[in-house]
Amino acid sequence: MPATPLERAEHFVWLTARVLEQRRFAYHFRNGPADAVETALSAYRNADNGYGHALDPDLRGTVSQPLHVAHALGVLDEIGRCGGQRAERICRYVTAVSTPEGALPALHPSLRGFPVAPWLPLVDCPPGDLLATGPVVGTLHRNEVWHAWLFRATDFCWSAIETLDKTHPGEAVAAMAFLDHAPDRARAREAAARLGRIVREQRLVVLDPGRDPEHAPPSGAPDGEHRFAYDYARTPESPAREWFTDAEMDRALDFLAAGQQDDGGWPARRPAWAPGTLLERRPLVTLDALLTLRAYGRLV
């Protein structure tokens, strides 16, 4: 039987994951090629330069969606291929589907008719939303991509984050995806500190996982999912790391490490709204857990 947490997770990935997650695991932990990851990701790309086909398991169907593009950019960023023509194609897509203020909706109306998670409402004229805009803009800035679309989208992110007085965990995580890589670092640190106070005051983070094993989801969490310190501070370099004491972060990381299940994977903590979505999400959660533990020096 596999002995280490990484070996157990590898067994789980080969047993259950989609090809894309298998290739990502191989790239990060077994010196696998970046070409294989990009080839697997390209199966989800559409002719409009967006991504669809349930790349994010909670959005089914073929059509491109901003949340899928955010996911795809994250994968390209992992393998160092988030620039050049790849970024140009994606920027053409996000320009075409942006709202009048230059932001991305969480869901584009083209998804109508396909199954979607019940906590993601589909409307005909959706507003701009940090859920998609924050991660897309943050990742493009991290890779020093410059495109006309980014100017207005960046302004949207600053305005949305700096005027927040009430939020929910998913939105706060998306805001940090922008603030982690926004070019104005002094402004980003100030905005992050303010956001951290909101997150703590509104109890949008579980600070002592061992005390309450069930963790009632926080009020206002549309997906019913609770968040922990490492969800906001994905690496020790994130400004969100300053939100938490060393003891609080250690408790969260201990909880994350202990969350590996008997089959080697980590649980998907959001509600299972369809059997296939749960099966597809667990390898994604498992990869996230491994990468977070490695970033904090906890992966043995």
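**Helix packing and cavities**

Helix α2 (residues 19–29) and helix α3 (residues 34–42) pack at about 165 degrees, with their axes 9 Å apart. The model is predicted: local features need pLDDT of at least 70, side-chain atom pairs count only at pLDDT 80 or more, and totals for chains, interfaces and linings use all residues. Residues are numbered from 1 along each chain as its sequence is written, and side-chain values use heavy atoms, without hydrogens and water.

Q: How are α2 and α3 oriented to each other?
A: The angle between α2 and α3 is about 165 degrees. Angles over 145 degrees count as roughly antiparallel. The two helices, α2 and α3, are therefore roughly antiparallel.

Q: Which residues in α3 does α2 meet?
A: Contact means heavy atoms within 4.5 Å. From α2, the residues are Val19, Leu20, Arg23, Arg24 and Tyr27. In α3 they meet Ala34, Ala36, Val37, Ala40 and Leu41.

Q: What volume has the largest cavity?
A: A cavity is a set of points on a 1 Å grid over the protein atoms alone where a 1.4 Å probe fits but cannot get out. A volume is the space filled by probe spheres set on the points. The structure holds two cavities of 30 Å³ or more. For the largest cavity, the volume is about 60 Å³.

Q: Which residues line the second largest cavity?
A: Lining residues have an atom within 4 Å of a point. About 40 Å³ of space lies in the second largest cavity. Its lining is Asp58, Ala268, Arg270, Pro271, Ala272, Thr277, Leu278 and Arg281.

Notes:
Axes are lines fitted to C-alpha atoms, for helices over the stretch in contact, and angles run from 0 to 180 degrees between N-to-C directions. Helices (H or I, at least four residues) and strands (E, at least two) are DSSP runs, numbered from the N terminus. Angles under 35 degrees count as roughly parallel, over 145 as roughly antiparallel, 65 to 115 as roughly perpendicular and the rest as oblique. On a 1 Å grid over the protein atoms alone, a cavity is a set of points where a 1.4 Å probe fits but cannot get out, and a pocket is an open set with protein on both sides within 12 Å along at least five of seven lines; lining residues have an atom within 4 Å of a point.
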